[in-house]
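Dear colleague,

Please keep it open beside you while you read.

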Amino acid sequence: MIRTGDPRTLGVPASEARLHFGTELQELGGGPRRRLLMVDDEPAFELSFYCGTCPLLFRRLDTARERLSLESMQERLGGPLDDPDDGGVIDAFGALLPEGEYLPLLLTVEPRLVIPGKEGDYFSHEQVTSWGVDQFWGLPEYPHTPYYRTFETAVDADAHLYEFVVPMVPPTWNERDRVEEYAARMEQGTVPTAVAVSTLDVCQPAIGFGDDPSVHWGLTHFLLDGHHKLEAAAAAGRPVRLLSLLTLGESLAGADERARLPALRARPRSARVTGT
């Protein structure tokens, strides 16, 4: 954690925003079905269900095809931000978002690229330890996207914070020359800045199918800008700065939990020890 700003109102009406959160309704007048992150009115990601007892989720859908970077901000984001308000970045990206309350967080992250089902995959390991596998499919949840793990720490003896950075499109869609350019600049000491809209979802299993039914605080950053930077940083083992605009109204967390987040994010990194 470098700095946190004060909560502020950002965004435009949802009908005008390039990105917004929505709920898919059942066809015959039923209740909410899927909680969604929408980009250009297309469902881009399925998110954790509203119940609070279902597993944490960010699942890329087949209509997730757009990045949301801003050409006008590229020069400013080529180096490190020292304050969330530097250079009008918050206002510029806020214009892509639906109107609401957001908490700016300026972080330093050292991303590690994770492939679902492979080593380090949260869904195959930590989540299964708490929820077990899906009771219908008999398999772990599957996010349908590579993603980055950046941080984790203990909340208390029965809860743990897990942080993820999720690209809007997979790293295989990135331009190789741009990734290599960023990697070379990072090797020379440059620390560029990425921008994300973020959610904090607090999820707790209701039934003990897992060995460690602890509470999972999922801090998930959906990249608006920085796809090439994150891949380069992961490949080079270098840090990047991340300006997170945490949505307060669309996160599955209470006011007390949201208020604790800056202090938790400033703690030393620590892994969950099963059974503590």
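**Strand 12 and His-216**

His-216 lies in strand 12, which covers residues 215-225; please bear in mind that the whole model is a predicted one. The strand is mostly covered, since 11 of its 11 residues are buried, and His-216 itself counts as buried because its relative accessibility is 1%, where the cut-off for buried is under 20%.

Two other strands pair with strand 12. Strand 10 (residues 159-166) runs in the parallel sense to strand 12 and is joined to it over eight bridges, with Val-166 standing opposite Phe-222 of strand 12. Strand 11 (residues 193-203), by contrast, pairs with strand 12 in the antiparallel sense, over nine bridges, and here Cys-203 is the residue that stands opposite His-216.

Which residues is His-216 in contact with, once its neighbours within four places in sequence are left aside? Among them are Cys-203, Asp-201 and Val-202, as well as His-160, Tyr-162, Glu-126, Trp-131 and Tyr-122. With Tyr-122 there is also a polar contact between the side chains, at 2.7 Å.

**Helix 3**

Helix 3 takes in residues 176-187, and its 12 residues should span 16 Å at 1.5 Å a residue, which agrees with the 17 Å between its end C-alpha atoms. Val-179, Tyr-182, Ala-183 and Met-186 are the buried residues to look for in this helix. Seen down the axis of helix 3, the buried residues fall within an arc of 100 degrees, so they line one face of the helix. As background, an α-helix has 3.6 residues a turn, so residues three or four places apart point the same way. On the other side of helix 3, Asp-177 and Glu-180 are exposed, while the cover over the buried residues includes helix 4 (227-236) and strand 13 (240-247). Just after helix 3 comes Gly-189, which takes a positive phi of about 105 degrees.

**Pro-43**

Is Pro-43 buried, exposed or partly exposed? Pro-43 is partly exposed, because its relative accessible area is 22% and that value falls between the cut-offs of 20% and 50%. Leaving aside its neighbours within four places in sequence, Pro-43 is in contact with Leu-36, Leu-37, Met-38, Leu-61, Thr-63 and Ala-64. Its C-alpha atom is separated by 36 Å from that of Ala-157, a residue 114 residues apart from Pro-43 along the chain.

With best wishes

Terms used. Residues numbered from 1 in each chain as written. Predicted model: local features only at pLDDT ≥ 70, side-chain atom pairs only at ≥ 80, totals over all residues. Heavy atoms only, no water. Helix = DSSP H or I, 4+ residues; strand = E, 2+ residues; numbered from the N terminus. Buried < 20%, exposed > 50% of the residue type's maximum accessible area, 1.4 Å probe, protein only. Polar contact = N/O pair within 3.5 Å; in protein donor to acceptor, adjacent residues only side chain to side chain. Contact = heavy atoms within 4.5 Å. Expected span 1.5 Å × (residues − 1). Arc of directions from axis to C-beta. Pairing = 2+ DSSP bridges.
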